[in-house]
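We will go stop by stop.

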Amino acid sequence: MNRMISDGEVIEIGRKLKDLREKLNLTQQEFADKLYWDVSSYQKIESGKTLMTLDKAIQIHRDYEVDLNYFAANDPYDEEEALKQVISNVSREKSTRMMIRLLEYFVRLLKASLRE
């Protein structure tokens, strides 16, 4: 039976998780605590030794507004990177998809500022 995800992809997901944690300026312990994860389990995920479960990915999505495509595809985490991709020489389809994501982000920002 063929595996659905390669070892390299597991490592890449761990790297992206580490990048996210570092952008949030959190230690492994702090990030694990905020997500109610055991730090040793978190370290295995970040180091690419094991894959995070879908429920953990959804938790990160909900707590930090990270699109799940950040882990599953080559989509960027932050809006600045998304904008760079839109501006760069990409296909019309991808450019349109990225612009929609940016507009969704701006709508979330506006809604949040109206709640304050």
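The tour below starts with the whole chain and then moves to single residues.

**Before you click**

This is a predicted model, in which local features need pLDDT of at least 70 and side-chain atom pairs count only at pLDDT 80 or more, while totals for chains, interfaces and linings use all residues. Residues are numbered from 1 along each chain as its sequence is written, and side-chain values use heavy atoms, with hydrogens and water left out.

**Stop 1: the whole chain**

Colour by secondary structure. You get 7 helices and 0 strands. Along the sequence the pattern reads α-α-α-α-α-α-α. Helices here are DSSP runs of H or I with at least four residues, strands are E runs of at least two, and both are numbered from the N terminus.

Now show the surface. The accessible surface is about 8300 Å², and 54% of it belongs to carbon and sulfur atoms. Areas come from the Shrake-Rupley method with a 1.4 Å probe; for residues, only the protein chains shown count as cover. Of the 116 residues, 29% count as buried. Buried means under 20% relative accessible area, exposed means over 50%, and partly exposed is in between (1.4 Å probe, protein chains only).

How much of the contact total with a separation of 6 or more comes from residues 24 or more positions apart? The share is 44%. A contact means heavy atoms within 4.5 Å.

**Stop 2: the core**

Select Leu17, Leu20, Phe31, Trp37, Met52, Ile60 and Phe71. Of the 16 residues in the largest nonpolar core, these touch the most other members. Such a core is a set of buried Ala, Val, Leu, Ile, Met, Phe, Trp, Tyr and Cys residues joined through side-chain atoms within 4.5 Å. Two or more residues each come from α1 (7–23), α2 (28–34), α3 (39–46), α4 (54–64) and α5 (69–72). The largest share, 3 residues, comes from α1.

Centre on Phe71. Leaving out residues up to four places away in sequence, Phe71 touches Ile13, Lys16, Leu17, Leu20, Met52, Ile60 and Val66.

**Stop 3**

Go to Arg21 in helix α1. Is Arg21 buried or exposed? Arg21 is buried, because its relative accessible area is 8%. Show the side chain of Tyr42: a polar contact of 3.4 Å joins it to that of Arg21. A polar contact is a pair of N or O atoms within 3.5 Å; within protein, one must be able to donate a hydrogen and the other to accept it, and residues adjacent in sequence count only if both atoms are side-chain atoms.

Beyond four places in sequence, Glu46 contacts Gly14, Arg15, Lys18, Arg21 and Gln28. With the same exclusion, the contacts of Arg21 include Leu26, Thr27 and Phe31.

**Stop 4: His61**

Move to His61 in helix α4. His61 is partly exposed, at 36% relative accessible area. Which residues does His61 touch, not counting those up to four places away in sequence? They are Val66, Asp67 and Leu68. Check the distance to Val66: its backbone oxygen lies 2.9 Å from a polar atom of the His61 side chain.

**Last stop: helix α7**

Finish on Leu109, in helix α7 (residues 92–115). Leu109 counts as partly exposed, at 40% relative accessibility.
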